[in-house]
Amino acid sequence: MKDMEVAGLHPNAISYTTMIDAYCKAGKMGLAQELFREMLDKGVKPTIVTFNVLMNGFCISGMLEDSKKLLKWMVEKGISPNATTYNSLLKQHCIRKDMRSAMELYRGMCSHGVLPNRDTYNILIKGHSRARNMKEACYLNSEMIEKGFKLSGSSYNALIKGLLKRKKMTEAKKLFDKMRAEGTVADKEIYDNFIDLNYSEGNM
C-alpha cells in the first residue's frame with residue numbers, strides 16, 4: 001500500500017478491506033482498527049464487506065463489546081447491516097450459551113428489515129440445541145424449511161443430540177432418517193445412540 005501511494009495510486013476500499021481482513025485473521029485487531037480509521041480519515045468509503053470483516057474479527061477475538069459498538073455506529077451512520085453482519089454476533093452469543101441475547105439480536109435484526117439467511121438459522125438452531133431449548137430449536141427448524149433453507153450437517157447433529165437428551169426419541173428418529181435420506185453424515189455419537197436404542201428394543 002505504501003508503494004502504491006509512492007507511485008501515485010491511492011488505495012481504495014478493496015485495498016483497505018483486504019489489509020483489514022489480513023490483520024483480523026492474524027488477531028491484530030489494534031492494527032485493523034488503525035487502518036479502518038485511516039481509511040475514514042482519507043475519505044475512502046467502507047463497503048458492507050469492510051464492516052463484516054471487522055465485525056467478524058472482533059467476534060473471533062472475543063471482543064463482543066467492540067462488535068456491539070460497531071453495529072450501533074453503523075446504524076447511527078445510516079449504514080445498513082446485512083445478515084452476515086448479524087451472524088458473526090449471533091454466533092458469538094451462541095458460543096457463550098447466551099441465547100436470550102442471541103434472540104434479542106435476532107428480533108432486532110428482523111425489525112430492521114434484515115432477512116435471516118441459511119447461516120442465521122443454522123447458528124441459532126445449534127445454539128438452542130446445545131442449550132437444550134428444543135422447542136425453540138424445532139420452531140426455527142420449521143421456519144427455516146418453510147423459507148426453503150436446509151440444515152447443515154452440524155445443525156442436524158446438534159438438533160438430534162438435543163432431542164435425544166430430552167428423551168424425544170420419535171422426533172429424533174424422524175430427523176435422523178431425514179438426515180440419512182439427504183446423504184448427510186451423522187457423527188459417531190448419534191449412531192451409537194440409535195444402535196443402543198434398537199438393541200434395547202430387541203430390534204436386531
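The largest pocket is lined by Lys91, Cys94, Ile95, Lys97, Arg118, Asp119, Asn122, Ile123, Lys126, Gly127, Arg130 and Ser152. This is a predicted model, in which local features need pLDDT of at least 70 and side-chain atom pairs count only at pLDDT 80 or more, while totals for chains, interfaces and linings use all residues. Residues are numbered from 1 along each chain as its sequence is written, and side-chain values use heavy atoms, with hydrogens and water left out.

A pocket here is an open set of points on a 1 Å grid over the protein atoms alone, where a 1.4 Å probe fits, with protein on both sides within 12 Å along at least five of seven lines; lining residues have an atom within 4 Å of a point. The lining divides into three nonpolar, three polar and six charged residues, and its largest share, seven residues, comes from α8.

Helix α10 covers residues 153-165 and includes Asn157, helices being DSSP runs (H or I) of at least four residues. Asn157 is buried, with a relative accessible area of 10%, where buried means under 20%.

| Residue | In contact with |
|---|---|
| Asn157 | Met179, Val185, Ala186, Asp187, Ile190 |
| Leu124 | Leu90, Cys94, Met99, Ala102, Met103, Tyr106, Leu140 |

What covers the buried residues of α10 includes α8 (118-130), α9 (134-146), α11 (169-181) and α12 (188-200). Just after α10, Lys167 takes a positive phi of about 65°.

Conventions. Helices (H or I, at least four residues) and strands (E, at least two) are DSSP runs, numbered from the N terminus. Buried means under 20% relative accessible area, exposed over 50%, partly exposed in between (1.4 Å probe, protein chains only). Contact means heavy atoms within 4.5 Å. Ala, Val, Leu, Ile, Met, Phe, Trp, Tyr, Cys and Pro count as nonpolar, Asp, Glu, Lys and Arg as charged, and the others, Gly among them, as polar. Lists of a residue's contacts leave out its neighbours within four places in sequence.
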